[in-house]
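Dear colleague,

Please find below the structure that I am handing over to you. The notes after it set out what was found.

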Amino acid sequence: MMTDKDVWLSMLTCDGEGRAEGHPRDLYHFEERYRRTPSQNSLREKCSIRLKKTCSRQAIKKTVLENFPFLKIMRGYNILRYLPNDVIAGMTVGIMQIPQGMAYAALASLPPICGLYTSLFAPLIYFFFGSSRHASMGTIAVVSLMIAAVLDTRLAADTGIPGTTFNLTQPGNLSDLDIERATDFRKIEIATALTLVSGLVMMVLGKLGMGFLTTYMSEYLISGFTTGVAIHVVSSQIKNVLGLKVKRFNGVFKVIKTWIEIFRNIADTNWIPVVTSAVSMVIIYVIKTQINERFKKRLRIPVPIELIVVIIGTVVSHFGQFKNNFNVKVIGEIPAGIPLPKIPDVSLVTSHIGDAVIIGVIAFAQSVSMAKMLALKNKQTVNANQEMFAYGAGSVLCSIFSGYIPAASVARSVVQDGAGGITQIASLMGCCVVLVVVMAVGPLFYSLPSCVLSSVIIVNLRSMFRQLLQLPVLWRRSKWDFSIWVTTLMCVILLDADVGLGIGIIFSILTVVCRTQRSGFTLKGEVDSTSQYRSKKRYECVKVLQSVKILTFEAPLYFANSEQFVLKSFTDSGVNPMKIKRKRAALDAEKRKREKKKQNGNKDSRKVKFEETKEKNGQPTEPESQNDSDVDCIILDMAGVTFIDTMGVKALTRVLVEFESVDIKVLIAGLREEVIDILQTSDFIPQHKQQLFLDMQQALHSLDNTIPI
């Protein structure tokens, strides 16, 4: 039978011993020999070196290419090979932009032409500043819904329209058309001001390197959020489908209040919009699923069924006089031409700056994740910081021309990639298609029923609702991610989109904190003489020694889990120094009590005889060692500790002191460089240099001559 010493020696591979010859095995001397000394240059010298690097020809060239990615893309552009594909893909996406732009603008409670302006100018500016070759900028449902919420809140606080002599709450002799035009004008002012603020903030954040902000919004948080937003969108569009005039609600329980109002007025349903919407949705759904998706490998471009339905709906409504004969709501007048540029008045949204930032970040988060996915597919790269700047620049340009916050659409981007689009030249082709509609064709959509646009929106939400199908799989894979998904979804539905997103982010961060607090040590041993250390719980043939415990801790060590680190080191190692100390204190107290009785001559003779008998048999009345356990040494493998703070350093020091107080040696191995930096500045390494080793092999090797046989 192998002794503990034999097992330890078997763990020491020849590779581990060979590396030790002539080289320091412990961490302290290794750092002393190989650690680079910090630069001693003066501030002036550092600035001079930095200036030379920044102003070199190569640095300037790199900066220009990073800020204007289209230069790098166009340098290698093969006109004969790439241009035909970009033209076809661009025209395909441009055709999709027309119905979606008008529909999502209506969702934002803005005139449909605002969506076309956004679809025109957002891809144009993105061509120059965007780093993705396939992102299709324009309008999306999430942003439109959040814009509508801000507009409703802001209009509710307004008492009149600036620049006019009337008050909306007291319309007097004004016609409904005048009130509608004044309201639309006010909405455009507020939306453009919000868009300008959002764009400027996003541009600054992009240049400050804040593209990492999306890392705080996990895939499942975004999924739960967009699904909740889809329910909001359907709730806002169902009134158009049913032909009802219901009150708009904002804030907490908006969805519930909206549905209560709908059911209260359900008897007033107009069946013409219901039939029109049903036919439109069935046609769009069937063509998209049974033709475009089913035969997408054979079809060079998908059937533009949305535009076809919009055109047919407009023609039928015009000749059938839907507005006059059946009281069907139509989108009304659409101005022709591009509006004059105008700088929005940001004072209109001083109380909604937070909303502007939130909407911009959400648009960026959804867009950049999709851009990275397509870039990975096509073996390309996306610069998150430059993307943030590009989205901000798009918002600024759109705000000047009566547009609103743009974002990349997943559906349009996938179509652009699938139709053969290679670069953002495709987006320029799409802009040309939208420009034709804006300049000449737009007024022809006067008779388009609003219910048709609602049908386009609802069918396009299909992918968001399909995310519900991933819940059973997500439950089996990760209960934490499932809880984030459901919590974000329910908060978005019951509270509101922005509040639900904030709660979702806070909850997801709390789950990380909870997981680090719940982290404990894992007792490991060598797997069948392979020099690989694994837990006995998950692996077979694991040799776990009695006198040496190998514990690993795989979590950050910081203020939130420092107390747990100390307690878990006691429980998971099977040795609790506190209990040993209490037992020792009890024995010392008993000893003093006996000595006192002996001095007073009151000691029980029978007890004295019993004590003497135990001593003759080799059983001392007091423990010869302070360590009452079978453990002689504990090795802490800290390779999984990604960072540590000062509270973590104190916790680590306490563990060492507590175990050493009961004669248990503690060795630490596998510290990361980032952790070593903190330990150096905290004077931990010089104080405990005898206990720090480069890796597990070196720590075990140090025990070779100290193992009790």
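Is Val64 buried, partly exposed or exposed? With a relative accessible area of 36%, Val64 is partly exposed, because that value falls between the limits of 20% for buried and 50% for exposed. Please bear in mind throughout that this is a predicted model.

Surface patch

Val64 belongs to helix H5, which covers residues 57–67. Together with Ile60, Phe68 and Leu71, Val64 forms a nonpolar patch on the surface. The accessible area of these four residues together is about 300 Å².

The chain as a whole

The chain has 709 residues, and 48% of them count as buried. Its secondary structure consists of 31 helices and nine strands. The accessible surface of the chain is about 36400 Å², and carbon and sulfur atoms account for 59% of that surface.

A helix pair

How are H9 and H16 oriented to each other? Helix H9 (residues 141–157) packs with helix H16 (residues 353–377) at an angle of about 170 degrees. Angles over 145 degrees count as roughly antiparallel, and H9 and H16 are therefore roughly antiparallel to each other. Their axes are 10 Å apart. On the H9 side, the residues that meet H16 are Val142, Val143, Met146, Ile147 and Val150. On the H16 side, the residues are Asp355, Ile358, Ile359, Ile362, Ala363 and Gln366.

Backbone angles in two loops

Phe253 is not a glycine, yet its phi is positive, at about 60 degrees. Phe253 sits in the loop that links helix H11 (219–242) to helix H12 (254–264). The relative accessible area of Phe253 is 40%, so Phe253 is partly exposed.

Asp663 also has a positive phi, of about 65 degrees, although it is not a glycine. The loop that holds Asp663 runs between helix H28 (646–660) and strand E8 (665–669). Asp663 has a relative accessibility of 45% and therefore counts as partly exposed.

Yours sincerely

Methods:
Residues are numbered from 1 along each chain as its sequence is written. This is a predicted model: local features need pLDDT of at least 70, side-chain atom pairs count only at pLDDT 80 or more; totals for chains, interfaces and linings use all residues. Side-chain values use heavy atoms; hydrogens and water are left out. Patches are made of residues with over 30% relative accessible area and no salt bridge: like charges are joined within 9 Å, nonpolar side chains (Val, Leu, Ile, Met, Phe, Trp, Tyr) within 5 Å. Accessible areas come from the Shrake-Rupley method with a 1.4 Å probe; for residues, only the protein chains shown count as cover. A salt bridge is a side-chain nitrogen of Lys or Arg within 4 Å of a carboxyl oxygen of Asp or Glu. Helices (H or I, at least four residues) and strands (E, at least two) are DSSP runs, numbered from the N terminus. Buried means under 20% relative accessible area, exposed over 50%, partly exposed in between (1.4 Å probe, protein chains only). Axes are lines fitted to C-alpha atoms, for helices over the stretch in contact, and angles run from 0 to 180 degrees between N-to-C directions. Angles under 35 degrees count as roughly parallel, over 145 as roughly antiparallel, 65 to 115 as roughly perpendicular and the rest as oblique. Contact means heavy atoms within 4.5 Å.
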